Each structure stands twice: as structure tokens, then as C-alpha cells.
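Dear colleague,

Please find below the sequence and structure that I am handing over to you. A short account of the findings follows.

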Amino acid sequence: MNYWNEIYAHFDPVAFSAFGINVHWYGIMYVLALLTALFVAKYFVRKDGLGFSDKMLDRYFIWVEVGVILGARLGYIAIYSGEAAWYFSHPWQIFNPFHNGEFVGIRGMSYHGAVVGFVIATVWFCKKFKTDMWVLLDLVALSVPLGYFFGRVGNFLNQELFGRETSEPWGILVGGTLRHPSQLYEAVLEGLVIFVILFFYRKRKKFNGELICLYAMLYTAFRFFVEFFRQPDDGLGFIFLNLSMGQILSLVMFLIAVFLKQSLKKKLICRN
């Protein structure tokens, strides 16, 4: 065993304490993810001349963040927690950051639930402020991946969403068992790799909305792959054909993205 294998034994997920409240590295990474996404969005607006003002982007990110948090939390409770009935009969507990009087933060977020919340917030925002939704969503596709990278690193530092058992030398010791650092696989594939692909492809896009469709297709393809190295969620296990819930939801999301991409492409052909 080397230091990397036993990193969790040497690393405290709590970064520091202030006024009796523990501030976790996960929270810091989450804030960093948001700021990175907003910074990248403003960078591409200036570089590619997309016409959005800083004020509009700031307002949009607030709307989206509310939608993402609500969707991610409710999605986790409904799909993964195994305690949906209890939470929905005690709704004040959904965002309760305290457990037995101790501040532990809010744990348990679903990416696919976050997507639903994001879509609802975006549609509502664009209707209210009369904004071209597909141009805005293409900007989101460029902005999210780097932020997502920090989010998954946060999962790793928070010692959650463990990988499956492995004998590979880069495995992380968890409870006496070596496991894949699947959070970092996701950070690289679903974050950095997707960003690089979309960065170079953006100038070649054929219609508005293509980038967000490609993002969804790439994300779900990589997520489906990484799930083979990620431990299935407690209480759910494998759902169908040895596929996890994450893989099933990714397949559904992939098919929706393909259908949407083809629909937008056909509309462009008809207009021409």
C-alpha cells in the first residue's frame, strides 16, 4: 500500500470550522464549480460575440442554480434515497442540514434530477425574458463541463460515491477494500474531455441547440461507461440486465438527446 491507496486515512473532508460549523471540501468545490461555470460562460460570450450581457448571465445562473438544487435534491430523494415516502411526508426535512443537532450539510443529490430542474428553470427564464433558448443552452454546454469537473472532485474529497472493488494499483482503500476512484474517472471524462471536444467543435456547429444535444449525448455515454466502475447505489443495486439506475437514466437521456438533435436538424432543413 502507498500513500495514494490510503489517502482517505490521511485526508479530512472538513476543510475548516467557523463559528462551530464545519466547512467541507465538497462545499468549497461546489462553489468553485459554480463560479467556474459562470466565468467560462462570460468568457465565451465575449470571445464568440453571443450578445448576452453580464447582468442577464448573472440572473440566469441564479435561476438555474435554484432549479438545479431543487431538482437534484428531490430527484435523489425520489429515486435513490429509499426514504421518499418519509421525506415527502416530512418536507421540512428535505433541506435540513442538521442531524441530531449537528450540522452535517445537505447530502444526496441526483444529476438526472438536476437536469430536470435545470430544464424547467431555463424554459421559464427564456419565456419570461424573451431569450433564444437554444443559443443560451449551447452556451451552457460549453460552461458546465469544467464546473462539473470540480463537482466530481468534491465527491472524491467528500469520500462518497465510491467505485467498485478493484485490484488495480491506483485503487483507493475504503473500509479495508480497494475501490476504483470512479469520481475522478467521471471528473476527467464527463468534465475535461467533454469540454475539450465541445471547445473545438463549437465553431463547426450547424444549428443552435446542437452543442447542448452533443453535451447530453457525450455526458450520458461517458456516464454509462463509468457506471461499470462505480458502486451501485445502496438500496437499489442493479435494476435490469445488470444495469444500474444511473445507466438506465443515462440511456433514456441519450435517446432524448438524439431525438432532439434530429428534430432541430430537420427544422433547419425545412427552413432552408
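The lining of the second largest pocket comprises 9 nonpolar and 4 polar residues, with no charged residues. Please note that the model is a predicted one.

This pocket has a volume of about 250 Å³. Its lining consists of 13 residues, of which Ile79, His112, Gly113, Val115 and Val116 are the closest to the centre. Two or more lining residues come from each of helix 3 (54-79), helix 5 and helix 9 (245-271). Which of the elements gives the most to the lining of the second largest pocket? The answer is helix 5, with 5 residues.

I would also draw your attention to two residues in loops. Lysine 130 is located in the loop that runs between helix 5 (111-129) and helix 6 (133-157). The phi angle of lysine 130 is near 50°, a positive value in a residue that is not glycine. Is lysine 130 buried or exposed? Its relative accessible area is 76%, and the cut-off for an exposed residue is over 50%, so lysine 130 counts as exposed.

Glutamine 159 belongs to the loop between helix 6 and strand 5 (172-174). Here too the residue is other than glycine and phi is positive, with a value near 60° for glutamine 159. With a relative accessibility of 23%, glutamine 159 is classed as partly exposed, because buried residues have under 20% and exposed ones over 50%.

Yours sincerely

Conventions
Residues numbered from 1 in each chain as written. Predicted model: local features only at pLDDT ≥ 70, side-chain atom pairs only at ≥ 80, totals over all residues. Heavy atoms only, no water. Helix = DSSP H or I, 4+ residues; strand = E, 2+ residues; numbered from the N terminus. Buried < 20%, exposed > 50% of the residue type's maximum accessible area, 1.4 Å probe, protein only. 1 Å grid on protein atoms, 1.4 Å probe; cavity = no way out; pocket = protein on both sides within 12 Å on 5 of 7 lines; lining within 4 Å. Points joined across faces, edges and corners; volume = space filled by probe spheres on them. Nonpolar A, V, L, I, M, F, W, Y, C, P; charged D, E, K, R; others polar.
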